[in-house]
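These are my notebook entries on a structure that I had not examined before. I record what I looked up, entry by entry.

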Amino acid sequence: MVNMFVDGEWRTDTYEFNDEEGEFDRQPTSFRDRLGTEAFPAESGRYHLYISRACPWAHGASMVRSLLGLEDHVSMDIVDPYRDEMGWQFTPEKDDCTEDSILGADYLGELYTEADPNYTGRVTVPVLWDRERETIVNNESIEVMETFSTAMQELGNGVDLYPEDVREEVDEMVDRIYEPINNGVYRAGFAGTQEVYEKNVNRLFDALDALDERLADQRYLVADGERLTLADLRLFATLVRFDHVYHTHFKCNRRLVSQYDHLWPYVRDLYQTSGIAKTVNVDHIKEHYYTTHTDINPTGFVAVGPDLDFEAPHGRDELPGGPPAELAPTPRGD
Ligand SMILES: N[C@@H](CCC(=O)N[C@@H](CS)C(=O)NCC(=O)O)C(=O)O
């Protein structure tokens, strides 16, 4: 069972996680406005991003904010990695968590009902909030990533992660990796039957094998491998969590990402790109998954390993292309 709002009322008995075939059923998001429109013009200081450091979807939005140099233009709050029956909450006393600086809310759900008192749906991160209209602009991660990269891009440092000439290619790659990889780990982890689990794990690893091959002689996913784009950030958000949680907690254990010849150096390359390391919080990632999903991990114990060194040399600077000059790697990647 999943907790959600129905007509503005918080319910804990609402819908089944899986469809009748036993597949994990991700609900569509409901706030889908874009920045750069008449209602929501690109403005510094007007918008606010809510994320969880644990969540891969929210991670994409926070990476774009960081890499584009939008931190002074779009403020941000961070929820507690543990999600209880009432949903995501604000616990500023915990490490790398903040208060809700907009409403002073205890739970993120309060923002949803402030935006729509009759809201029906889940309370998910990321959330992009508009201070002026006091509403949610958008809560679909890929749209937040795109809209930062287009409408807000000129407020930032000049980095372009969604260049017009390769936009179509980026979109295709984002779509291509979504089902088997980004959502695939969830489909494996929350599968309702052995068969569905195996199907999704196999599809996931087939897709990872193919990308490992693709990344053997190209540094990034698209643009002849020469430019870092949103597609890389989507893939990174899943890969950086993989060995710590998806491998063990979601039983995606045909291999570890750190056993791949090219995917593993690729993860380290991205991690060491200036602006990314500070968005990664492995403690939040582990705490969230292992303690929140008690249906698949009833003890709530957090797996201890593995010991990964994201800061080890990656050797991928030998390949053509590289990060934009503004994001030259720093020794510790931050
Ligand atoms: N399609 C959404 C999915 C966001 C999402 O599912 N976020 C998860 C955290 S990883 C969440 O907030 N789940 C809370 C819930 O489903 O109740 C997006 O990409 O933004």
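**Entry 1: helix 3.** I listed the buried residues of helix 3 and found Ser-141, Glu-143, Val-144, Met-145, Glu-146, Thr-147, Phe-148 and Ser-149. A residue counts as buried if 20 or more other C-beta atoms lie within 10 Å of its own, as exposed if 12 or fewer do, and as partly exposed in between, with C-beta atoms placed from the backbone. Helix 3 is thus mostly covered, with eight of its ten residues buried. I then looked for what covers these residues, and the cover includes helix 1, strand 5, strand 6 and helix 7. Helices (H or I, at least four residues) and strands (E, at least two) are DSSP runs numbered from the N terminus.

**Entry 2: basis of the model.** I note that this is a predicted model, in which local features need pLDDT of at least 70 and side-chain atom pairs count only at pLDDT 80 or more, while totals for chains, interfaces and linings use all residues. Residues are numbered from 1 along each chain as its sequence is written.

**Entry 3: annotated positions.** I consulted UniProt, where an unreviewed entry places the feature "binding site" at Trp-88, Arg-122, Val-123, Thr-124, Val-125, Glu-140 and Ser-141. UniProt positions are given in the numbering used here, feature names are shortened, and annotations may be inferred rather than shown by experiment. I looked up two of these positions.

Ser-141 lies in helix 3. Ser-141 is buried, with 26 other C-beta atoms within 10 Å. Not counting residues up to four places away in sequence, Ser-141 touches Trp-57, Ala-58, Gly-60, Ala-61 and Pro-126. Contact here requires that the C-beta atoms of two residues, placed from the backbone, lie within 7 Å.

I found Thr-124 in the loop between helix 2 (109-115) and strand 5 (127-130). Thr-124 is also buried, with 23 other C-beta atoms within 10 Å. Leaving aside neighbours within four places in sequence, Thr-124 is in contact with Thr-29 and Asn-139.

Entry 4: I traced an open sheet of four strands in the order 4-3-5-6, with mixed pairing. Two strands pair if DSSP finds at least two bridges between them. Strand 4 (74-78) and strand 6 (135-138) are at the edges with a single partner strand each, so one side of each has no neighbour in the sheet. From one strand to the next, the twist averages 35°; axes are lines fitted to C-alpha atoms, for helices over the stretch in contact, and angles run from 0 to 180 degrees between N-to-C directions.

Strand 3 (residues 47-51) and strand 4 run parallel and are joined by five bridges. I noted that Leu-49 has Met-76 in strand 4 as its bridge partner. Helix 1 (residues 56-67) packs on the sheet and touches strand 3 and strand 4, its direction making about 135° with that of strand 3.

**Entry 5: the two domains.** I recorded the division of the protein chain into domain 1 (2-155) and domain 2 (164-327), with bounds that come from an automatic or database domain assignment. Their C-alpha centres lie 22 Å apart. The contact takes 25 residues from domain 1 and 29 residues from domain 2. On the side of domain 1 that touches domain 2, helix 1 and helix 3 (141-150) each supply at least two residues. Helix 1 gives the largest share of that side, eight residues.

**Entry 6: helix 8.** Which helices do the buried residues of helix 8 pack against? I found helix 6 (194-214) and helix 7 (230-246). Eight of the nine residues of helix 8 (residues 263-271) are buried, so helix 8 is largely enclosed by the rest of the structure.
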